[in-house]
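Biologist: I am new to this structure and would like to learn how to read its features one at a time. Could you take me through them slowly?

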Amino acid sequence: MKKIIIKPKIKISNSLDLKNLNLINKNLSLREIKNIKILYNNKEKKLEDLFTITEQTIKSDVNEVLLLESNFFYDFLGFEWSNDLLLINSNVGSYLGAKMKSGKITVKGSCQNYMGAEMSGGAIVVKKNAGNFVGSSISGKRIGMTGGSILILGNVDKYLCYQMRRGFIFVGGEAGDNCCNNLVAGTIIIKKGVGKNFCIGMKRGTVILLSNVTMQSNFIESGNCSLAFINLLNQFVSNEFKMKIFGEKSKVSRFIGDKNIRGQGELLKII
Amino acid sequence: MKNKIKIIDTFAEAFPMKVSRLIITAHNLKWAKEAANSFCGFATSVIACGCEAGIECELKPSQTPDKRPGVSILVFSMSSKELSKQILNRTGQCIMTTPTTAVFSGNNGDEEISLGNSLRYFGDGFQISKTMGKKRFWRIPVMDGEFICEDYVYQCKGIGGGNFLVLGEDTVSVLKACELAVQEMNKKKNIILPFPGGIVRSGSKVGSKYKNLIASTNFEYCPTLKGLVGSKLNSSVNCVMEIVIDGLKSEDIFQAMKTGIKKIVSSKCRGILAISAGNYGGKLGPYLFKLKDIVK
């Protein structure tokens, strides 16, 4: 397998649209990669005009792409990404992993809005914070994330998993306002607090809170029965992300809602 | 002759089957075993039960998907259709009904058998689907919480009908020898002994004088018919019992037979005269287990 290393030649200080970078997934030659068309400040350029690109042979099951010295102007990184591993060692802009199909993206910094929006498979790991609309639908659409998993170790901003359909999201910090609004299905774990209008219009799906958040009146308490599902989820997270989120003797409280729309979503408070 | 026990120069004949492995977990091992025993009840022979099933092994919490104690069961049947039907019905009536249980696929295979995907309708619209990685699970609300069931289990190729016969002077000695063999064979993975306690006393032959009956008593080994029919038993033999083995591969059955026979031979059980095996002249199945090779 091969490793492509991409490093900017100049300081990127305007909007950079890297939507076509996913062509690398088609196992292109170095020459073809250098000729990938990108938009910088709304002007079409070749990848090699802005970046130095090198190739190495590695012992791995998948191809790797390493992007160095990125910043918040780098939009659409990993858009429709499949198969390969994309490693980003700094911050990135919006639409990271949007419509992603498979493979894995790891970001050592933070990212901006619409991360994992409408993704259908694969995994994204963000070591710091994420912006608005993580795992949501893209503006004007009604179907959010439909598969795959997202792990954010920091905080997320507003509208986390808006209209999300399937998949798994873990937030290691806090979630902003309007989190889990219009959730259709999927599993979301939020380790710390949540903002205003939490889970409004939730139809189905599971939201797990690992902190003592006060429930709103549109959620009805439905006991603290033992759920084997929690063990299963714990195991999945442990295998997928090498971390353990619940203790063996965690207490589970279950709430159902949003009752205002006769939703069957569940909120599990695990403390 | 081994330890004064004659090993008859014959072979066991086995045939291809379809098999699936299920993992049943529960709050504790007792309830996992209750569910497994219920599932495997009335699953001794495909002649009239639709499938042959048994507990393969007990599983520690660290070996199960939801980290609870569990058991692994193997289910064998002659056709994919029958296997699907049996697994679905038995899971619905025996596992789902048992307190605290959950059921998962224990193997991979080419052919899917719909399990949670069909059982979910019991949830009457309140069921919840959860996809974790590449697997999908159904959470069906039940009165003790919820029943978790994997979307599909998988069918793979297996072998049924491995066997050997223990011939002895009386019931007590043959039963004791068989019990020792079963105890040892049950430690093996990838096999089950589908009959009650692993032992069968009503060995059968194919067909009958009654036209609608597909199997009937194996008269050659019935001690009470000595002198009446062409018996394979000499005058000293007054009891015969059979141990039937279903396994995933022929090597698994071979090793299980070896373990069982070796145990009987080495334990020098009083009253055991010979070890034989049931076959149909090589016409029924492609897998032949020669006793001479097994005891080598």
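**Reading a helix pair, an interface and a loop residue**

Modeller: In this predicted model, Ala35(B), Ser38(B) and Phe39(B) of helix 1 of chain B are in contact with Arg90(B), Cys94(B) and Ile95(B) of helix 2 of chain B. Sorted by class, that contact between helix 1 and helix 2 of chain B has four nonpolar residues, one polar and one charged.

Biologist: At what angle do helix 1 and helix 2 of chain B pack, and how far apart are their axes?

Modeller: Helix 1 of chain B, residues 29–40, and helix 2 of chain B, residues 80–95, pack at an angle of about 135°, and their axes are 9 Å apart. The two helices of chain B are therefore oblique to each other, and their crossing is right-handed.

Biologist: How many residues does each chain bring to the contact between chain B and chain A?

Modeller: Chain B gives 15 residues and chain A gives 15 residues. On the side of chain B that touches chain A, strand 7 (128–132), strand 8 (135–142) and strand 9 (145–150) each supply at least two residues. By class, that side of chain B has six nonpolar, three polar and six charged residues.

Biologist: Where is Arg270(B) placed, and is Arg270(B) buried or exposed?

Modeller: Arg270(B) is in the loop between helix 5 (250–266) and strand 15 (272–276) of chain B. A residue counts as exposed if 12 or fewer other C-beta atoms lie within 10 Å of its own, and Arg270(B) is exposed because it has 12 within 10 Å. The C-alpha atoms of Arg270(B) and Val172(B) are separated by 9.5 Å, although these residues are 98 residues apart along the chain.

Notes: Residues numbered from 1 in each chain as written. Chains lettered and ligands numbered in written order. Predicted model: local features only at pLDDT ≥ 70, side-chain atom pairs only at ≥ 80, totals over all residues. Helix = DSSP H or I, 4+ residues; strand = E, 2+ residues; numbered from the N terminus. Buried ≥ 20, exposed ≤ 12 C-beta atoms within 10 Å, placed from the backbone. Contact = placed C-beta atoms within 7 Å. Nonpolar A, V, L, I, M, F, W, Y, C, P; charged D, E, K, R; others polar. Axes fitted to C-alpha atoms, helices over the stretch in contact; angles between N-to-C directions. Parallel < 35°, antiparallel > 145°, perpendicular 65-115°, else oblique. Left-handed = near helix turned anticlockwise from the far one by under 90°.
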